[in-house]
Amino acid sequence: MSKGPGLFSDIGKKAKDLLTKDYSSDQKFSVCTYSDAGVVLTSTAAKKGGLSTGDVAALYKYKNTLFDVKIDTESNISTTLTITEILPSTKTIASFKFPDYNTGKLEVQYFHDHATFSTALALNKSPAVDVSATIGTPTIAFGAEAGYDTTSGNFMKYTAGISVTKPDSYASIILGDKGDSIKASYVHHLDQSKKSAAVAEISRRFSTNENTFTVGGLYSVDHLTVVKAKLNNYGKLGALLQHEVIPKSLLTISGEFDTKALDKNAKFGLAIAVKP
């Protein structure tokens with residue numbers, strides 16, 4: 001693949017990951033095993049409120065093809081097939097879910113040194129089409145995406161964004177929701193080894209005059225332990241501790257608090273991932 005600007009979905013992703021990834025108020029336990037044949041099996045059990053769910057997933061890579069199958073406790077079977085380089089600089093992704101056949105999707109991505117393109121088509125009787133394009137370099141990129149409903153003949157969404165990447169910082173601005181919202185984010189690494197980082201994100205919805213401002217941070221205590229925290233202007237505080245208990249076995253403890261009503265809206269999550 002090329003070393004171009006990346007997909008449109010990558011714009012703003014670094015800030016989003018810092019503010020949302022691994023945060024959870026659910027209780028979750030997963031075990032991952034590797035076979036000699038190269039098959040990765042992952043079993044996951046989760047509890048949210050009084051509802052318990054579980055799934056078993058199998059991942060297998062053969063040359064340039066990746067097979068991913070997941071079966072959950074509601075008898076849903078999700079299958080994703082990813083093939084790289086069918087044509088030069090392309091990636092093709094086909095996904096299906098049974099017994100709901102209408103959720104199938106086919107996506108083709110094309111990567112160039114100065115541009116990327118992606119087209120996704122829903123595999124049903126009234127397919128929706130998503131198209132995105134990004135131009136630029138790994139340092140600065142401009143992109144846009146649109147979703148078109150072939151049944152109504154209307155655009156479901158259109159979004160535009162820009163990102164700037166430097167060795168120690170990352171900034172992005174995204175105009176979304178058909179021009180009704182704007183989001184700006186900034187990530188800055190506080191040291192050369194990137195053990196610590198600060199993030200700020202501000203978003204505004206024009207139709208409701210609603211503003212949301214969130215700040216957060218990450219600090220690697222050592223090579224085994226990571227601490228994250230975030231706080232928004234509504235008083236919602238999130239905190240996370242992740243520790244590698246044994247090699248490839250992660251223990252994650254996270255919590256979310258309403259600082260304006262701590263006794264009423266405190267949520268805690270525990271996630272354990274074991275990957276021998």
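Author: Helices are DSSP runs of H or I with at least four residues, strands are runs of E with at least two, and both are numbered from the N terminus. Residues are numbered from 1 along each chain as its sequence is written. This is a predicted model, in which local features need pLDDT of at least 70 and side-chain atom pairs count only at pLDDT 80 or more, while totals for chains, interfaces and linings use all residues; side-chain values use heavy atoms, without hydrogens and water.

Reader: How many helices and strands does the protein chain have?

Author: The protein chain has one helix and 19 strands. With a radius of gyration of 21 Å, close to the 19 Å from the globule rule for 276 residues, the chain is as compact as a globular protein of that length. That radius is taken over C-alpha atoms, and the rule is 2.2 Å times the number of residues to the power 0.38.

Reader: What should I look for in the backbone?

Author: Most residues other than glycine have a negative phi, and most peptide bonds are trans. In this model the bond from Phe98 to Pro99 is cis, with omega near 5°. Pro99 sits in the loop between β6 (90-98) and β7 (105-111).

Reader: Where is Asp177, and what is its phi?

Author: Asp177 is in the loop between β12 (169-176) and β13, and its phi is near 55°, a positive value in a residue other than glycine. Because its relative accessibility is 44%, Asp177 counts as partly exposed. Buried means under 20% relative accessible area, exposed over 50%, and partly exposed in between, with a 1.4 Å probe and protein chains only. Asp22, in the loop between α1 (13-20) and β1 (27-34), also has a positive phi, of about 75°.

Reader: What is the volume of the largest pocket?

Author: Rolling a probe the size of a water molecule over the atoms shows where empty space is left. On a 1 Å grid over the protein atoms alone, a pocket is an open set of points where a 1.4 Å probe fits, with protein on both sides within 12 Å along at least five of seven lines; lining residues have an atom within 4 Å of a point. Grid points are joined across faces, edges and corners, and a volume is the space filled by probe spheres set on the points. Here the largest pocket has a volume of about 1100 Å³. Of its 45 lining residues, the closest to the centre are Ile11, Gly12, Lys16, Ile174 and Lys183.

Reader: Which strand gives the most to that lining?

Author: Strand β13 (residues 181-189) does, with five residues.
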